[in-house]
Amino acid sequence: MATHRSTGGDSPQPTRRATLQALTLAGMVGFGLTCKARADNAPGWPAEAFQKKSQKDALDALLGKQFETTDKITLDVPEIAENGAVVPVSITTSLPNVTSITILVPNNPFTLAASYKLPDGTAPAVSCRLKMAKTSDVVAVVASDGKVYCVAKPVKVTLGGCGG
Amino acid sequence: MPSTIRVRAVAAGDSTDVQALIQHPMDSGFVKDSDGKLIPPHYIEVLTFEHDGKVVFTALWGPAVAKDPYVKFAFKGGKSGDDLKVSWTDNLGKSDTSVAKIMG
């Protein structure tokens, strides 16, 4: 920024270079603002957790603890997804006092796909559709009674959903 | 402008089944357009469902949720004719809200 100011100040007539520099700078500032706006958006959205690339980091940031395995979660995903852009995922569980259901796709660029907060009275079951970049496990993580449980199932993707 | 939110909420017994379909590009930021330029990320971050002044379901979404997202869940309570308020906010600060009637 300082470099640009001195360049502009030295020449009364803005040169082509100074103009270009100013444009680049404006672009960079604009980009920075967009990023900042993105982080400020949607109150309650855990931006940090969604930017993590590893499963452990994402879960640490979102739930703050590691999980146990259980057979009380039913994760329904296709064995083979022909189109990674639309992969239906259904999760139901018989665990008590479920407060959240989270879905992770470890091989996606950002591992955390979606997290659902379920207040009292909402059934511990959710269905949605995800994008998958390539063949990966789909991990369902359920927070129940203060503990965190998970199950994982592999999904074979024949056509990636992230432009890869 | 027509609403981007389509909701079908049906009261069955003591609970209400909700299915929602939202029109949204859900661009992940990893896909290139036909000119080879990256399409910037544009996706819904938070989606909430409110019934009787109480939030019954919150979805926190990342860019990995599919285009024109669909979600299905059920909550206790809710009867035919009740209002169900649905709102979303995306990463560019855009939002939409719609109120649907629960069907019997």
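Predicted model: local features only at pLDDT ≥ 70, side-chain atom pairs only at ≥ 80, totals over all residues.

Residues are numbered from 1 along each chain as its sequence is written, while chains are lettered from A and ligands numbered from 1 in the order in which they are written.

**Stop 1: chain B on its own**

Select chain B and colour it by secondary structure. You'll find zero helices and seven strands; helices (H or I, at least four residues) and strands (E, at least two) are DSSP runs, numbered from the N terminus.

**Stop 2: where the chains touch**

Now show both chains. The contact takes 34 residues from chain A and 32 residues from chain B; two residues are in contact if their C-beta atoms, placed from the backbone, lie within 7 Å. On the chain B side, strand 3 (44-51), strand 4 (54-61) and strand 5 (70-76) each supply at least two residues. That side divides into 19 nonpolar, eight polar and five charged residues. Here Ala, Val, Leu, Ile, Met, Phe, Trp, Tyr, Cys and Pro count as nonpolar, Asp, Glu, Lys and Arg as charged, and the others, Gly among them, as polar.

Zoom in on B:V46, in strand 3 of chain B. Is B:V46 buried or exposed? It is buried, with 21 other C-beta atoms within 10 Å. Leaving aside neighbours within four places in sequence, the contacts of B:V46 include A:A42, A:G44 and A:W45 from chain A, and B:W88 from chain B.

**Stop 3: a sheet with strands from both chains**

Select the six strands of the open sheet, in the order 2(A)-4(A)-7(A)-5(B)-2(B)-1(B), with antiparallel pairing. Strand 2 (73-76) of chain A and strand 1 (5-12) of chain B stand at the edges with a single partner strand each, so one side of each has no neighbour in the sheet.

Find the join between the chains: strand 7 (residues 125-130) of chain A and strand 5 of chain B run antiparallel, linked by two bridges. Strands pair if DSSP finds at least two bridges between them. Pick A:S127 and look opposite to find B:K72. Further along, strand 2 of chain A pairs with strand 4 (residues 87-93) of chain A over four bridges, and A:T74 stands opposite A:T92.

**Stop 4: inside chain A**

Select strand 5 (98-104) of chain A. Five of its seven residues are buried, so this strand is largely enclosed by the rest of the structure. Antiparallel bridges join strand 5 of chain A to strand 8, six in number, and to strand 6, five in number. Click A:I101: A:V142 stands opposite in strand 8, and A:Y116 is the bridge partner in strand 6.

Finish at helix 4 (residues 55-62) of chain A, whose buried residues are A:A58, A:L59 and A:L62. Strand 5 of chain A is one of the elements they pack against.

Key. Buried ≥ 20, exposed ≤ 12 C-beta atoms within 10 Å, placed from the backbone.
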